[in-house]
Every structure is written in structure tokens, then in C-alpha cells.
Amino acid sequence: MNENPVQEVLFEGPSKDEEEIAPPVPSKADVGKVTEKLAPHDDAQFVDITKDFFDCVKELKLGELVHDSMFGLLEAMSAIEMMDPKMDAGMSCNREATPLTFDTAVETGQLKLNNLLPRESIGIIDAVYSCTISWLEGHSMAQTVLTCLYLHKPHQIECKTIKSFSIAIQKIINLIRNFAVRANVYEEEDFQHSSFDYNLSAEVTETKAINMLKAAEEELIKKAKDSEDEREKEELQALLARVRFTRLFLFSLVGLYPLKQGTTWQHGQEVAAQSTVSLKTEMIDIVKALNGALELAQAIEKSIELGTQPEEGSDAPNPMGFSMMVNQRLLPPTFPRSTKIKDRHLSIQYLADLIQRIKHGCKIINCTSYHAALNFLMDFNKKFTPCLLSRSIPQTLYLPAGRMVFGVKPLTEVLKESVKAFIAPPALRPDNPLYNNPFAINCINSFFEYNEQSFYTLFALCGYNQARQRDSLGWILLGFADLQDGAERVDVYLHSLTPRSENSRHLACFGTWVFYHCLRAMSLYLLAGLELELYSVHEYLYIFWYLYQYLFSWIVSALTRAETFLAEQEYSADPKALKASQKKPKPKKRKAKTDVKEILFNEAMETLCGGYYKALAGFIKEGRIPEPLPMFDNEQVRFEHRFAPFANLTTPPPMPYSEFRQMKMIMLQSPATELYAAAAKHFHEARTLLETFPNPDEEWHDIVKVAKMNFVMMNLLASGHSRQSKLPPEFDFSCHRYFPIIKQRK
């Protein structure tokens with residue numbers, strides 16, 4: 001270039017509007033110095049240094065980087081690698097010199113607006129669903145769904161089937177995005193909600209979109225009846241299944257979303273159609289529609305080959321209707337350039353699994369209490385590996401409008417009911433004088449209003465992906481110290497208000513409830529590390545030690561105390577029981593409010609963790625678990641790092657490393673065979689406890705299987721099996737995500 005842009009900018013004076021704030025204009029002498037440095041010389045010649053550069057690179061050893069004061073590691077990581085299709089935007093654009101838009105595709109005849117063959121329509125619909133699933137898995141909308149040109153201007157499409165489908169898929173995309181944004185349980189790697197200012201048919205209501213699909217169905221049914229060609233009739237039936245699936249799926253999402261689209265709705269605005277969750281009669285219709293969509297998904301998967309297929313060597317998911325570079329200029333310069341669209345068969349299977357997860361997630365409407373809803377979400381994450389949409393729907397159904405449960409009851413009231421069902425504090429019992437005491441009422445209300453956010457966050461945490469759940473648990477535990485302190489103060493204050501004539505005491509009621517939730521969060525934090533494979537094998541010893549000696553035993557203690565307190569409260573409130581107190585008391589059969597199943601389950605978990613703890617001690621005693629080199633390791637630092645989120649808690653107090661080291665030294669004094677025999681006993685006790693409860697669920701069966709396998713292995717090791725072998729044991733997590741099957745090879 002002969003012109004110097006810097007020189008032009010420097011010579012250009014400020015405008016009239018900028019004269020007051022513009023900096024002083026440099027003098028001609030200053031400008032001359034700058035331009036002399038920047039302007040290229042006429043006799044300048046470029047020299048090829050490629051060979052010299054690669055010769056210098058050879059002197060660098062593996063892992064070495066060249067560091068300059070102006071180009072460090074941060075700049076190197078942020079730099080764009082030239083000619084790399086994943087990083088260089090110019091390189092990607094070279095694949096398609098002029099990106100194909102809707103208008104240019106129509107003008108050149110590459111995009112049909114009418115008279116589409118059934119196989120072409122099938123190919124387009126399957127490709128759009130593949131793009132939708134790719135978007136749900138975390139890719140950008142501009143690189144997936146919006147690469148379909150039919151979605152850019154659907155109202156110009158003359159084909160009734162493709163027009164109605166295009167508008168319906170836009171409504172589905174908008175509903176999915178609204179579910180995710182409203183639930184707000186996603187991270188950047190999970191979901192990208194930006195629609196890049198695309199309209200997404202905001203002027204069309206969901207009801208109208210469903211009616212358009214019905215009209216398209218009727219037209220396809222008529223064509224299928226009139227067709228005499230068997231091949232064409234098969235293709236029309238396959239196309240009809242896709243249109244019907246889209247209608248049922250859209251109908252289900254519309255019914256589940258708490259806010260509906262109004263007639264005067266503009267892009268990004270909503271009006272409330274109902275303030276409560278869908279009635280159970282409406283939910284029956286929604287589940288019926290989901291079942292119908294599930295059956296159609298199976299039929300769709302069998303007929304994928306009837307549609308047009310992607311061309312070999314092309315990134316486009318379908319030969320017609322897609323332009324992968326049409327939105328290239330909407331993306332930031334450093335955005336990932338290469339997006340692989342999901343395979344069609346895998347996409348339809350994903351949709352079928354998604355519908356199954358949504359059906360299960362809808363059952364949260366039966367969870368009226370906070371405790372039941374929290375358990376439901378935790379079990380939901382265990383049974384499935386839910387995607388963002390299936391994680392967001394239960395969150396939106398339970399809290400559709402702010403902190404209102406099912407849109408009608410404040411979360412603070414639900415929390416009060418949870419405390420009452422768990423331990424029934426006297427101040428929350430109508431037959432107690434504190435129930436109508438204004439000071440007690442004000443104290444309890446203030447406690448729940450102040451700490452509502454903690455329990456709201458704990459509920460929302462169950463909607464995040466597994467890795468983020470563990471991170472969030474660590475932050476929540478930091479705030480539990482203040483929550484526990486507040487609960488203890490409430491208990492002390494209410495106890496001081498209790499009349500001396502009252503038999504019922506008000507000690508540690510709210511504290512026990514908070515203590516229980518704190519212990520659950522602590523145990524989940526440690527178990528999540530096992531699931532995510534964050535621990536080395538040599539760290540398992542103190543992880544299972546903490547779970548066995550403290551957490552699960554404390555949980556059982558809290559539940560037992562709540563159960564005992566409930567029994568005392570009901571006994572003191574029963575006048576017949578007081579009159580008959582002189583007689584020999586008989587055991588009273590009553591309906592337990594705290595879950596006996598939960599107490600039994602946590603007792604089994606305690607003994608199971610004890611089995612792992614003693615088995616690991618036996619392996620360490622025999623030197624079967626490799627330890628890190630002492631010069632690179634400090635066990636105390638690792639211990640304190642693993643349990644760092646517990647450091648601020650007062651109840652339960654964090655266990656110091658010195659206590660673990662002392663327990664470890666005492667444990668390792670025993671012979672390995674005794675440790676294996678003790679571990680086998682623990683595994684047998686855990687299995688026996690779990691098998692005593694009737695109608696166990698799938699997780700219980702898995703844990704029983706793990707306990708059986710480990711019991712056999714520990715008995716073999718206790719009898720001298722593989723005593724000569726020093727091979728490290730294998731821990732197989734394929735059966736259960738927390739508790740592995742121990743395997744020892746000879």
C-alpha cells in the first residue's frame with residue numbers, strides 16, 4: 001500500500017462537536033517523526049525467513065516456548081493460528097467464497113419454495129432436527145439451526161408442509177431457549193441462547209403454528225390416499241410421521257411452559273396465561289402427547305433412509321436448504337469455526353431419550369414438599385444423564401414465577417412445612433402457645449426470609465450439570481455456617497419464650513433440620529468427586545474414612561433424633577396417652593413422618609463406606625496401592641484441599657488431618673487379613689440392610705450387587721487369595737457411579 005492510514009488519521013483535525021474534548025493536534029514535526037517510522041520505504045524488499053524460522057525451532061526442546069516481553073503465554077493462547085480451519089475465519093470462508101443466502105439460493109434455483117418431493121422434505125426435516133440437537137449440546141445457533149435457509153424467511157415458502165414445519169421449529173427453538181433462560185441452570189459450555197436477532201416468527205402464536213401443522217397433516221393424508229405408487233405412499237407416510245411428531249412435541253412444550261404467547265406479543269415479550277402449573281388433567285394430555293411423539297420417533301428412525309442424505313465431503317447436513325457459512329459474519333473473530341452436525345440416527349435416538357426424560361421430569365408436580373422435590377431432582381440426576389432441557393423443565397414447573405412454588409405458594413411457606421414434617425418444632429404446631437405468639441412468628445418469618453436464598457440455590461443446584469453441581473456445592477457449604485448460626489439462635493430464642501409449664505422443649509429443632517441438609521450437601525460433595533474421577537486411588541482412604549466415621553453416621557443421628565422428637569411431640573399431644581401413662585405403655589403404631597427408608601439407606605451407606613475404608617487399609621498394609629513419591633507429595637496438603645469447603649462449618653466441626661493420621665496408624669497395626677475380614681463383614685451388613693426393605697428401587701439393586709461382589713472378593717483376600725501378588729486392585733464404577741466393584745488380579 002502506498003497510502004499511510006496512520007498519516008491520514010493524524011492529519012485529520014477534530015470535528016466541531018469534538019473540539020472541546022479533543023486532545024491537542026500534534027505538530028508537523030511530531031507527525032513527521034511518526035510517519036517516518038511507519039511509512040514503508042520505496043526500496044523495501046521482503047525476505048523469506050521460513051527456512052531460518054524452522055531451523056531455529058529445531059533447537060527448542062519438547063515443551064519449550066519462546067517468551068518475549070511483548071509476547072507471553074497469554075498472547076500465545078489468544079493468538080489465531082493461520083490457515084487452521086478451526087481458528088482462522090478467513091480459511092473457513094475460502095470454502096464458500098460467497099455464502100449462500102435465502103434470496104440468492106432462490107434466484108439461482110438451489111432452493112425450492114414449492115413442489116418439493118417427499119424425499120426432499122424428509123431430508124430437510126431430519127437435517128433440521130440434527131442441527132437442533134447439535135445446538136442443544138452446546139453449539140451456537142448460528143452454526144447449527146440457523147444454517148437452514150428455510151428458517152430465515154419461512155413466510156415466503158409456498159410448500160405448506162415445509163412452511164408449517166419451519167415456523168413450528170422456530171417456536172420449538174424459542175420455547176427451549178425460554179425454558180433454559182428461565183431455569184438458569186446452564187453454563188457457557190452447556191448452552192448458547194443467543195438467536196443473533198433472528199425474528200423466529202414472533203408474530204405467529206404457538207396455537208396458530210400447531211393449527212398450521214394440522215392442516216399440513218390433512219393434506220399429506222389426502223395425498224397418501226390418492227397416491228398409487230407404493231414408494232411414494234411410503235415416503236408420504238414417513239413425512240406425515242415427522243409433521244405429526246413436530247406437532248405433538250410443540251404441543252407438549254407449550255403446555256409445560258408456564259407463560260404463554262399473547263396476540264400482541266413482540267420478540268422477547270411474554271404475557272402470563274396462567275399463574276399455576278398445569279392441572280393434573282392437563283398434564284395427562286401432555287404425557288399422552290409425549291407418548292405419541294415417542295412412538296413416532298421410533299417410526300422416524302426406521303425411515304431415515306427414505307430422505308435425501310448428506311453429500312460425502314460436505315459439511316452441510318442436507319444437499320438442499322442449508323448454507324454453513326451464511327451466518328459467518330455474525331460470529332466473533334475467535335469463535336470456533338468447525339461445527340460437526342450430529343448424525344441423523346443419533347439425533348432421533350437423542351430425541352426419544354429426551355422425551356423419556358421430560359416425561360419423568362413432569363412427575364415433579366406430585367412433589368408438594370421441598371424435601372420431596374429435592375429428593376426427586378437428585379434421583380432424576382442419578383437415573384438419567386439429563387440434558388439442559390430436561391434439567392430445566394422440572395425447575396420451571398416447580399418454581400414457574402420467582403420464589404412461588406407451583407406459582408401459588410411462597411417458598412418460605414413450603415420451607416416451614418418442610419421443617420414441620422421433618423421434626424415438627426413446637427412453635428409450628430397449632431396446639432402450642434408459641435404458634436400465635438407474635439414474637440415467635442416474627443422470629444421464624446425473619447429466619448426463613450433471610451435464608452430463603454440458600455435453599456433456593458440448593459434446589460437450583462440440582463439442575464446444573466454434574467461438574468458444576470460439585471463446584472456449587474463447595475460455595476453453598478461456605479454459606480451454611482451463617483445458616484447454622486441463625487438456626488441455633490432461633491432455637492434458643494424460641495426456647496426462652498416457651499412457658500415453663502409446657503412439657504415440650506424447643507431445643508435444636510431448626511438446628512437439626514439445617515444440620516441434616518448441611519450433611520447431605522457435604523456427602524454429595526465428596527461422592528461427586530468419586531463420580532467425576534477427581535481422586536487418585538491413594539486418596540480413597542480418607543474420602544471413605546470421612547464418609548464412614550462422620551457424615552453418614554451423623555445423617556443417621558439427625559434423622560433418628562427427628563423421629564424421636566416427633567414421637568415425643570405426638571405422645572405429649574395425645575390426652576389418651578397421658579391418662580394411660582400409669583399403665584404399662586404399649587408400643588404405639590403410628591405413621592412415621594420422617595422416611596424410615598431414608599434412615600435405613602443411610603445406615604447401609606455408612607457400613608458400605610466402612611467396608612471400603614477397611615479394604616483400602618488392607619491394600620495399603622500390603623503395599624498394593626502405589627503412593628506418590630515423597631519429594632512430590634504432602635498428604636496433609638492434599639487432605640486439607642479435599643475438605644476445604646468444610647473448614648468454615650461449626651456443626652459438624654471439620655475433622656483435622658491429625659485425627660485421620662492417628663486413626664490410620666491404629667488401623668494399619670492390624671494384619672491385612674483381619675482388615676479384609678472386617679471389610680467383608682461391613683459389605684455383608686450393608687447388603688443385609690438393603691435387602692430387608694420391601695420394593696427396592698433400581699439404585700438399591702445396584703448397590704446390593706456391588707456389596708455382594710465386594711463381599712466375595714474380601715473373603716477371598718482374607719483367606720489368602722493373591723497374597724503373593726503386588727498388583728494394584730482395580731476399582732470398577734460401571735455398576736454404580738459412587739461405589740466401585742473391587743477387583744484383584746493374581
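# Exercises on a predicted model

Of the protein's 746 residues, 49% count as buried (under 20% relative accessible area; exposed is over 50%, partly exposed in between; 1.4 Å probe, protein chains only). This is a predicted model, in which local features need pLDDT of at least 70 and side-chain atom pairs count only at pLDDT 80 or more, while totals for chains, interfaces and linings use all residues. Residues are numbered from 1 along each chain as its sequence is written, and side-chain values use heavy atoms, with hydrogens and water left out.

## Exercise 1: the largest pocket

Solution. 
- Step 1. On a 1 Å grid over the protein atoms alone, a pocket is an open set of points with protein on both sides within 12 Å along at least five of seven lines, a cavity is a set where a 1.4 Å probe fits but cannot get out, and lining residues have an atom within 4 Å of a point. Grid points are joined across faces, edges and corners, and a volume is the space filled by probe spheres set on the points.
- Step 2. The lining holds 34 residues, of which His371, Asn375, Tyr516, Arg520 and Glu598 are the closest to the pocket's centre.
- Step 3. Among the elements that give two or more residues are H13, H18 and helix H21 (596-621); H13 gives the most, with 6 residues. Helices (H or I, at least four residues) and strands (E, at least two) are DSSP runs, numbered from the N terminus.
- Step 4. By class, 16 lining residues are nonpolar, 8 polar and 10 charged. Here Ala, Val, Leu, Ile, Met, Phe, Trp, Tyr, Cys and Pro count as nonpolar, Asp, Glu, Lys and Arg as charged, and the others, Gly among them, as polar.

## Exercise 2: the largest cavity

Describe the largest cavity and the helices around it.

Solution. 
- Step 1. The structure holds 3 cavities of 30 Å³ or more. The largest cavity has a volume of about 200 Å³.
- Step 2. Its lining has 15 residues, and Asn381, Gln469, Leu524, Arg737 and Tyr738 are the closest to its centre.
- Step 3. Helix H13 (370-383), helix H17 (466-497) and helix H18 (509-531) each supply at least two lining residues. H17 gives the most, with 4 residues.
- Step 4. The lining divides into 8 nonpolar, 3 polar and 4 charged residues.

## Exercise 3: backbone geometry

Locate the positive phi of leucine 200 and the cis peptide bond at proline 652.

Solution. 
- Step 1. Most residues other than glycine have a negative phi, and most peptide bonds are trans.
- Step 2. Leucine 200 has a positive phi of about 55° and is buried, with a relative accessible area of 5%.
- Step 3. A cis peptide bond joins threonine 651 and proline 652, with omega about 0°; proline 652 lies in the loop between helix H22 (635-642) and helix H23 (657-667).
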